[in-house]
Structures are given as structure tokens and as C-alpha cells.
Protein chains: 2
Amino acid sequence: MADDEVKLYEDGRSPYVSRVKIALNMKGIKYESLVEDLSNKSADLLNHNPVYKKVPVLVHNGNPISESLVIIEYIDDVWEGVPILPRDPYEKAVARFWAKYVADTCNPAIYEVHRSYGDEQAIAKASAKLQILENKLITTGKKFFGGDNINLVDIAAVYIAYWPEIVEEAKGIKFYTREKFPKITEWADNFLNCQVVKETLPPRAHLLEYFLNRHRIRCNGTPK
Amino acid sequence: MADDEVKLYEDGRSPYVSRVKIALNMKGIKYESLVEDLSNKSADLLNHNPVYKKVPVLVHNGNPISESLVIIEYIDDVWEGVPILPRDPYEKAVARFWAKYVADTCNPAIYEVHRSYGDEQAIAKASAKLQILENKLITTGKKFFGGDNINLVDIAAVYIAYWPEIVEEAKGIKFYTREKFPKITEWADNFLNCQVVKETLPPRAHLLEYFLNRHRIRCNGTPK
């Protein structure tokens with residue numbers, strides 16, 4: 001599909017964008033990156049994603065697709081090469097279950113710990129949710145959630161691998177630590193070390209500055 | 001796949017279970033229904049769905065699958081016959097987007113209207129979310145979200161088609177009405193009239209009694 005036109009609307013900071021970029025990298029797809037200013041979204045973005053008005057949006061030969069996990073399934077459906085979802089229907093269902101667990105259960109639980117600046121109940125809830133992922137890595141004894149190679153579940157979990165540690169430094173929270181989650185943090189090291197993942201991550205300093213600024217606004221009412 | 005063993009753990013009341021039953025009906029799959037007492041869940045259910053401990057769980061030849069939309073994709077992957085998702089990758093992505101919109105955005109917005117007994121802000125939010133579905137039906141001019149036939153999106157929306165009207169009768173709320181949502185309620189009539197859907201619905205009187213009891217507990221502190 002050498003003549004394909006692939007555009008990705010992104011913001012240079014979102015884990016949801018990183019998910020899509022990892023999938024594009026795994027398939028070796030060339031794409032044009034269109035960086036949006038989220039405080040002044042382009043007419044094209046609003047037109048392509050009128051329901052959520054959010055990045056990422058992938059536009060393939062003029063056809064827009066939103067929602068990172070939907071985009072990843074589309075990429076895996078359309079392009080050959082490294083599989084992102086298992087080909088066996090049962091293994092595929094299991095991968096979808098865990099990707100959904102990460103997206104719908106773990107990520108919101110971590111957001112709540114950060115939003116609440118480490119509320120005890122939020123920490124108890126997020127710890128229980130992440131312990132299930134920790135146990136999954138212990139039980140399978142594999143390097144990645146996908147086994148010996150990354151798959152949909154690892155990609156869905158890119159936020160957990162990279163963002164919380166930076167948010168916690170900015171906000172002075174200690175929740176997502178090596179002591180508490182030794183297997184998940186070991187997985188994160190391995191995952192972030194994959195070339196297809198590494199290239200998609202916003203620079204640490206850039207993210208840290210962004211979260212520090214948000215923290216300052218919350219504490220002082222004004223950005224620095 | 002005549003020798004397949006298919007079991008469905010269910011509760012006789014859940015829209016998530018109805019979703020799976022509609023998919024099984026569409027494919028003409030025979031299954032054994034195992035009705036759980038949710039106040040005293042079976043060891044088998046807890047064993048098959050240790051993460052959420054919830055119905056529905058489909059067990060196909062010994063392999064358990066949870067999460068209704070994941071189960072439906074599995075059913076469509078494994079069994080031939082009437083397609084539940086479109087076969088074209090872009091149309092498939094569009095169907096997944098809308099099924100997710102219904103499941104993650106519309107349903108929770110309606111739950112919140114009911115939980116709050118018609119809080120104004122909750123009503124404004126849910127109205128805006130449902131108006132998007134209303135507009136979608138107006139724009140396409142088709143009988144179903146899937147077009148001339150039902151697909152994943154219609155199945156995902158079975159809660160909207162059947163449950164809110166009953167909950168609102170029990171709680172004395174007027175939100176989901178024909179006047180407000182003429183297209184969605186017309187779609188609901190058509191959808192609920194399909195034989196594969198009709199057979200999966202818990203009896204209205206049974207659901208009404210259940211929600212009336214919950215309402216009485218909330219108002220009086222004791223069931224009738």
C-alpha cells in the first residue's frame with residue numbers, strides 16, 4: 001500500500017497518540033504528523049472527529065478514524081506485517097479483554113490518584129487494579145503482556161509505562177514506584193526500550209514542564 | 001461447529017447479557033444458559049471472570065470470555081453466518097467507534113440521570129450525548145444504526161432501546177421520551193421488534209418490579 005496517504009492528528013503529549021504511533025511503527029507505515037494546538041483546534045480536526053473533538057485522529061486515504069484502540073485495530077486489519085492482535089480468535093479476545101481492562105479500569109484509577117494528589121481511597125483502589133496486572137506478569141513469566149513480543153495490551157498500557165512517574169515527580173506524589181510494582185516497572189523498562197515505542201514518547205523534560213505548570217496553576221492559581 | 005459446547009453465565013436481567021444473547025441468536029448458536037444468583041455467585045463464575053466477577057461470561061469449549069463487546073467480536077470471529085461487524089475494515093472501525101460511544105458515553109450519561117433522579121446537569125449532559133445518536137439516525141435515514149440490518153452498534157445500544165423507559169416508570173422520571181428522542185425511540189421500536197432481539201429481553205414486569213423495589217429501598221430504607 002505504497003500510495004496510501006496516512007495523516008495523524010496529534011498533540012505531541014498524549015499517551016493515546018503514542019498508542020497509535022507505536023502501531024504505525026510496528027507496521028512500518030509512513031505518515032504525516034499534524035500537530036494540533038489543543039487550545040485552538042483546527043477546523044480539520046473538528047471536522048474529522050466531531051463527536052469528541054480530540055486527538056488522535058488517523059486519516060487514511062481521506063477516511064478519518066478516532067479512538068486510539070479502534071484506530072489500532074484498523075491498522076492491524078488493513079496493513080500486513082507484524083501482527084498487533086493475536087490471530088487466534090480466543091487469544092485475540094483475551095488481548096482485547098486486557099487492553100480494555102488497562103484502558104477502562106487501570107488508567108482512570110491512576111488518574112484519580114494524581115487528580116486527588118494521593119487520596120487514600122484512590123490509592124487503595126488503583127493499587128488493587130494494578131496488582132491484577134502485576135500478578136498477570138508474574139503468572140505468565142513473560143517479558144511483555146503480549147508474551148515474548150508486544151501486542152495490543154502493551155500498547156494500551158503505554159500510559160502506565162511512561163506518564164505516571166513524570167506526573168508524580170511534578171506533583172510530589174509517590175504512588176507508582178518500583179517497590180510497590182516491581183513487575184510492572186520491569187515490564188515498563190523493557191517496553192520503553194523497544195525502538196518502535198521509544199520513538200513515540202514525548203520528551204521527558206517537555207512533559208515534566210507541562211505537568212509542573214499544571215501543578216503550579218492548581219496551587220497558585222497562575223502559571224509560572 | 002455442531003459439537004461445540006457453549007455456555008452463558010447470565011442473571012436474567014442485564015442488558016450486557018442481552019447483548020451477547022442477540023449475537024448468539026444472530027448466528028443461530030445453541031447454548032446452555034446458567035442463571036447466576038448475583039448475591040451468591042457460583043465458584044464457576046468467579047473462576048471464569050476473576051477480574052470483574054460479573055456476568056455475562058461466555059464459555060466456548062472450556063474457554064471463558066468476559067466483557068460483552070469482546071464476547072460479541074469473538075462470536076463474530078468464530079462463527080460464520082450473518083455478519084455482526086461489517087467486513088470492510090473502515091466500516092468495521094466506524095461500527096466499533098459508535099459501539100464504544102454508546103457503551104462508554106451514552107449509557108453512563110443515562111445511568112447518571114437515573115441515579116440522580118433527574119438532576120438538571122445530568123439531563124443536559126445525557127441529552128447532548130443522545131442527540132448525537134438522534135442526528136446519526138436522521139443523517140443516514142436508515143432503520144438501524146447498522147443500516148438496513150442490525151449490527152454491533154444496535155446490539156451495543158440494547159440498553160437504550162429497552163431499559164430506560166422501565167427504570168423511569170419505576171422512579172417517576174421523565175427523560176427518555178418519544179417527544180425528546182423521536183428517532184431513537186422509533187429505532188428502538190424497530191430493533192425490539194426483531195425476533196433475535198425480542199427473545200433476549202427480560203420480561204418487562206420482572207424488570208419493573210426489580211427497579212420499583214430498588215426505588216422503595218432508596219426512598220424508605222427497606223424493600224416492600
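This is a predicted model: local features need pLDDT of at least 70, side-chain atom pairs count only at pLDDT 80 or more; totals for chains, interfaces and linings use all residues.

Author: A rotation of 180°, with 0.0 Å of shift along its axis, places chain B on chain A at an RMSD of 0.0 Å. The two copies are thus related as by a two-fold rotation axis. Asp104(B) has the C-alpha nearest the axis in chain B, at 4.6 Å.

Reader: Through which surface do the copies meet?

Author: Of the interface residues of chain B, 100% are also interface residues in chain A, so the copies meet through the same surface.

Reader: In what order do the strands of the sheet in chain B lie?

Author: The order is E2-E1-E3-E4 in an open sheet of four strands with mixed pairing. Strands E2 (32-35) and E4 (63-66) of chain B are at the edges with a single partner strand each, so one side of each lacks a neighbour in the sheet. On average, neighbouring strands are turned by 20° against each other, direction ignored.

Reader: How do I read the pairing of single strands?

Author: Look at direction and at facing residues. In chain B, E1 (residues 6-10) pairs with E2(B) in the parallel sense over four bridges, and Tyr9(B) is opposite Leu34(B). In chain A, E1 (residues 6-10) and E3(A) run antiparallel, joined by four bridges; here Tyr9(A) faces Val57(A).

Reader: Are the faces of strand E3 of chain A covered or uncovered?

Author: Both are covered: Val57(A) and Val59(A) are buried on one side, Leu58(A) and His60(A) on the other. E3(A) also forms a hairpin with E4(A), with two residues between them. Asn61(A), in the turn, has a positive phi of about 50°.

Key. Residues are numbered from 1 along each chain as its sequence is written. Chains are lettered from A and ligands numbered from 1 in the order in which they are written. Side-chain values use heavy atoms; hydrogens and water are left out. Copies are superposed by least squares on the C-alpha atoms of residues with pLDDT of at least 70 in both. Contact means heavy atoms within 4.5 Å. Two strands pair if DSSP finds at least two bridges between them. Axes are lines fitted to C-alpha atoms, for helices over the stretch in contact, and angles run from 0 to 180 degrees between N-to-C directions. Buried means under 20% relative accessible area, exposed over 50%, partly exposed in between (1.4 Å probe, protein chains only).
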